There are 2 protein chains.
Amino acid sequence: MTKAISLVISEAALETVPIDLTNHPSVTNYARKLGKKPSEILLDRSYHHAAMLKYKLEFAWRRGRPDLVHFALIEALSTPLFLENLLDVYVSTINNQVVYIGKNLRIPKSYPRFEGLMIDLFKNNLIRDDKNNATLLKLQNNISLEYLINNIIKPSKVIGLSRMGVQNTPEKIISMHISESCYQCAFIIGGFPRGHFTENTKRLFDFFYSIGNYSLESHVVIARIIYECEKALSV
Amino acid sequence: MTKAISLVISEAALETVPIDLTNHPSVTNYARKLGKKPSEILLDRSYHHAAMLKYKLEFAWRRGRPDLVHFALIEALSTPLFLENLLDVYVSTINNQVVYIGKNLRIPKSYPRFEGLMIDLFKNNLIRDDKNNATLLKLQNNISLEYLINNIIKPSKVIGLSRMGVQNTPEKIISMHISESCYQCAFIIGGFPRGHFTENTKRLFDFFYSIGNYSLESHVVIARIIYECEKALSV
């Protein structure tokens, strides 16, 4: 069982370009600009919208937003909770791939550098620190969110956060579920731009909350939940 | 006098490439890639490091980080406080330029789109909404932080936040300075990657706080301060 609080950015809109789309000019042009093969680059709605439309990509409105995953990671990995090794962070993608975030990862703030890192990760499944060989990032295929939670993280409670949950404040949610003697919670936050968690995701939740009247961006929810966790744990 | 809380991202590492550097290959190559003139593009350490070194750019370690400004803006503009029109946001750059953020701006999350928007702003000084002609972004030259605070924002209190301030928690800082009857504060947060506020900036502060033992990223400080302001104002 995990010794830390876990954060799972789930159903995340992070993947390489699906095979059907690799011949579309919007993909081949962008791949050429990056000096990569079309199948190696990240699906990105900003550039591949036409290809996603033309090939009627399934669930297209929830896919191709690596920038959202970048923001969510920057938010989580910049906090004292992560820097103190009290937060484990995972990205569970829409294609049942899992990205494990190493303890000492400093995620690049520059988007092109982040993009390069993710392309490398999807190609080689592993990124090591040049200096000490520690694992910075690891990718595993065919790991469902359910498997990740039940067999890898094994938290004492699973708490989903989205607009559709029961209204409450971050302060009250954390005071109910996190204390210095008990903090093995997994928080599940959406890594997609629109729509709601799937039923498969929701049935994994022990608790399901919404933290505002607004439809808040994932990175805002992450910032507030982590900050309240730090207060509860006196970090 | 402002009716809202103000946030000033100050000494911000946002500028176009200085004239001395415009002939360097790292600049001309990148400009060609974007289809822009070298003098129009943003100075970016990720790409122009060699040029910054070669021409011994003054204060180089504090310049050329538009990505940090992007994160700080995304953080502030995603909050209910901004969405409810209770937060005015300004960027005061290292070159005494000021960017005014319009009430309804939805800043692009995609970095290349943000970069394009800023290039357009530095060229034309104004970005309007195509639909209703409202001002989304405005740039003014030769406006010092002092002038911005004393003649434009005119807050009742100026509160600086950085590692060098007096240690306190966001909760206590906000409870001392923000209430539903009194919230015309300007918060000043650094928009540079390293080092500290200049003396010229510090002498504008009525109060100067640090909110953690860690050297927190600006976007983390922004997230926490705005969240506590929302609690104090029941947003």
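Contact means heavy atoms within 4.5 Å. This is a predicted model, in which local features need pLDDT of at least 70 and side-chain atom pairs count only at pLDDT 80 or more, while totals for chains, interfaces and linings use all residues. Residues are numbered from 1 along each chain as its sequence is written, chains are lettered from A, and side-chain values use heavy atoms, without hydrogens and water.

Q: What share of the contacts in chain A with a separation of 6 or more comes from residues 24 or more positions apart?
A: Such residues account for 74% of those contacts.

Q: What makes chain A as compact as a globular protein of its length?
A: The globule rule (2.2 Å times the number of residues to the power 0.38, with the radius of gyration taken over C-alpha atoms) gives 18 Å for 235 residues, and the radius of gyration of chain A is 18 Å, so the chain is as compact as a globular protein of that length.

Q: Why is the pair of A:Tyr90 and A:Tyr100 called edge-to-face?
A: Rings of Phe, Tyr and Trp (its six-membered ring) pair if their centres lie within 6.5 Å; planes under 30 degrees apart count as stacked, over 60 as edge-to-face and the rest as tilted. Here the centres are 5.9 Å apart and the planes lie at 75°, so the pair of A:Tyr90 and A:Tyr100 is edge-to-face.

Q: Why is B:Phe197 counted as buried?
A: Buried means under 20% relative accessible area, exposed over 50%, and partly exposed in between (1.4 Å probe, protein chains only). B:Phe197 has 6% relative accessibility, and therefore counts as buried. B:Phe192, at 11%, is buried too.
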